[in-house]
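Here's a quick walk through one chain, written for someone who would rather look than read. Have the viewer open as you go.

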Amino acid sequence: MKNLFFSMVFMVSLIFFLANVSEAAIACGTVDAKAAACVGFATGKAPTPTSACCSGLQQLAQSVKTVDDKKAICRCLKAGAKSLGVQDRFLSKIPSACGIKVGFPVSTATNCET
């Protein structure tokens, strides 16, 4: 009976662990790949966001399932923006140009944790 109890506890723990693993936040590699086509516009080198930029960001927006997903995407984008020389005056125009509602001002100064 004692072994049955411990087996049940182990199985329940395993199920909770696997459920949490499957809901992991979106990886930066995925974010970078989806947002890569936006770099030209965000750095001021292209006159408008490309269709690939908008498509990638729309796919990212659709992949958001949790607040942690939003935070992870934000952190990845901020890290990339800093290293690529993204300019806020262009970055802030991307959501409206692509028809994406983000619900907050888009900027390299955005606090990803709120």
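Leaving aside its neighbours within four places in sequence, which residues is Leu-57 in contact with? Lys-34, Ala-35, Cys-38, Ile-94 and Ile-100. Keep Leu-57 in mind, as it comes up again in the core.

## The model at a glance

This is a predicted model. Mean pLDDT for the protein chain is 82, with 79% of residues at 70 or more. Where pLDDT is low, the predicted coordinates should not be read in detail.

As for the fold, you'll find seven helices and zero strands. Of the 114 residues, 25% are buried. Among contacts with a separation of 6 or more, 67% link residues 24 or more positions apart. The accessible surface is about 7,800 Å², and carbon and sulfur atoms own 65% of that.

## The core

The largest nonpolar core has 19 residues, and the members touching the most others are Val-31, Cys-53, Leu-57, Ile-94 and Cys-98. H4 gives the most, with four.

## The disulfides

The whole structure holds four disulfides. Counting bonded cysteines along the chain, they pair up as 1-6, 2-3, 4-7, 5-8. Let's take three of them in turn.

Cys-28 and Cys-76 bond with their sulfurs 2.0 Å apart, and the link is left-handed at -85° about the S-S bond. Since Cys-28 sits in helix H2 and Cys-76 in helix H5, the pair ties together parts 48 residues apart in sequence. Cys-28 is partly exposed at 39% relative accessible area, whereas Cys-76 is buried at 4%.

Cys-38 and Cys-53 are also joined, S to S 2.0 Å, with a right-handed link at 100°. Here the loop between H2 and H3 is tied to helix H4, as Cys-38 lies in the former and Cys-53 in the latter. Cys-38 is buried at 6%, and Cys-53 is buried at 0%. Then there's Cys-54 to Cys-98: the torsion is about -70°, so this one is left-handed. It connects helix H4 with helix H7, parts 44 residues apart in sequence.

How values were computed. Residues numbered from 1 in each chain as written. Predicted model: local features only at pLDDT ≥ 70, side-chain atom pairs only at ≥ 80, totals over all residues. Heavy atoms only, no water. Core = buried A, V, L, I, M, F, W, Y, C linked by side-chain atoms within 4.5 Å. Buried < 20%, exposed > 50% of the residue type's maximum accessible area, 1.4 Å probe, protein only. Helix = DSSP H or I, 4+ residues; strand = E, 2+ residues; numbered from the N terminus. Contact = heavy atoms within 4.5 Å. pLDDT = per-residue confidence, 0-100. Areas by Shrake-Rupley, 256 points an atom, 1.4 Å probe, with all protein chains shown as cover. Disulfide = S-S within 2.5 Å.
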